[in-house]
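Let's take a friendly walk through a protein model together.

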Amino acid sequence: MPGGGTRTFLEPDYYEASLRRAKVEAVIVPQAKFRARITWAELHHLQVLRCEEDSPRIAYVQLTPELAFVTFPTGSERLPVWRGREMQAGDIMFHSRGERLHQTTLGHSVWNVIAMEPAQLERYGRALSGTPFSLPPEGRALQPSPRLAARLRRLHAQACRLAERKSKILSHSEVARAIEQGVIQALVTCLTTASVRTDGYAKRHHARIMVRLEEVLADHLSRPLQVPELCDRIVVSDRTLRSCCAEFLGMTPSHYVLLRRLKEVRLVLRDADPDKANVAEVAHRFGFMQLGRFAGTYRATFGETPSTTLQRIPGVRLAAP
């Protein structure tokens, strides 16, 4: 049934959970105090999201193969880096099915999402363009004309404003259908007339290396993997891995591994019973042996001490009003 709403988050993992309900898996690694807001509109065959974030962060995004995704920034702030490439004003990303990629932001950002069933999008694409239409085998950056890109952004924003301010209107079938048809027509026109910004072999190869890095980290976050071991497991040279991390993440491999491990510690501390758990035990579990150094790094990253996280009542920072 059509509908919509909005919600604000002060913890990245609750934000991740909300994205997951929209079929977007994401590992968010904040680099400052975190705050985000999601606005969503569910139409008949279309899902629209507006994701606003206040601080710089890194995200490893995995899109479900069940849906076709198009994403784009608003263009009113510093543009994000998708898959190692800084987006240009007016760009849209047309993703392949089940795509996995990194996205980094340098400050306040807004990224917009349109998702629908692949068969539906392909059917609309053929009907509206009169030419063969299918999802790309690899994600690609497209640059439609400024007029068409502005129209798509405007229709997307209108749907999100309704979801945020008058969500009950979206529950009316005919209203939802009219909004949906406008967005789909603008989307297909952009996808079928835009020029393609192609990535070379090196960029695509580096993107695969970064996905492999995430696969290795997922299995070894409980201990501090050093760069030589990372390289052995990924089967890549030290120089290449460092170059890829600088290109896609803006930091060294060791710094990124540290942030990922700190994020895991935070999740455990936040959800633990303070009467049964202690900071030292949790820190040791994730390979942090020098507690003083760990506490300082943790506070610099999250803006509070590990003990403060542990003592917080579970769920109190699920979302802000």
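## A strand with two neighbours

We begin with strand E6, which pairs in the antiparallel sense with strand E9 (residues 92–94) over two bridges. Here Val70 stands opposite Phe94 in E9. Strand E6 is also joined to strand E11 (residues 109–116) by six bridges, and these two run antiparallel. In this second pairing, Val113 of E11 is the bridge partner of Thr71. A word on terms: strands pair if DSSP finds at least two bridges between them. Helices (H or I, at least four residues) and strands (E, at least two) are DSSP runs, numbered from the N terminus.

How many residues of E6 are buried? The strand covers residues 68–73, and six of its six residues are buried, where buried means under 20% relative accessible area, exposed over 50%, and partly exposed in between (1.4 Å probe, protein chains only). Ala68, Val70 and Phe72 point one way from E6, while Phe69, Thr71 and Pro73 point the other way.

## What kind of model this is

This is a predicted model, in which local features need pLDDT of at least 70 and side-chain atom pairs count only at pLDDT 80 or more, while totals for chains, interfaces and linings use all residues. Residues are numbered from 1 along each chain as its sequence is written, and side-chain values use heavy atoms, with hydrogens and water left out.

## The whole chain

The protein chain holds 12 helices and 13 strands. Its radius of gyration is 21 Å, close to the 20 Å that the globule rule gives for 321 residues, so the chain is as compact as a globular protein of that length. (The radius is taken over C-alpha atoms, and the rule is 2.2 Å times the number of residues to the power 0.38.) Along the principal axes, the C-alpha atoms fill a box of roughly 65 × 45 × 30 Å.

Of the 321 residues, 52% count as buried. Among contacts between residues at least 6 apart in sequence, 74% join residues at least 24 apart; contact means heavy atoms within 4.5 Å.

## An open sheet

Now look for five strands that form an open sheet in the order E2-E5-E10-E7-E8, with antiparallel pairing. Strand E2 (24–30) and strand E8 (85–86) stand at the edges, each with a single partner strand, so one side of each is left without a neighbour in the sheet.

Inside this order, strand E7 (residues 81–82) and strand E10 (residues 100–105) run antiparallel and are joined by two bridges. Which residue of E10 does Trp82 stand opposite? Trp82 faces Gln103 there.

Is Ser55 buried or exposed? Ser55 is buried, with a relative accessible area of 5%. Look for Ser55 in the loop between strand E4 (47–53) and strand E5 (57–63). Leaving aside neighbours within four places in sequence, Ser55 is in contact with Ala32, Lys33, Phe34, Thr105 and Gly107.

Gln185 lies in helix H5 (residues 173–193). With 39% relative accessibility, Gln185 counts as partly exposed. Not counting residues up to four places away in sequence, Gln185 touches Leu128 and Arg151. Tyr124 is 61 residues from Gln185 along the chain, and their C-alpha atoms are separated by 8.2 Å.
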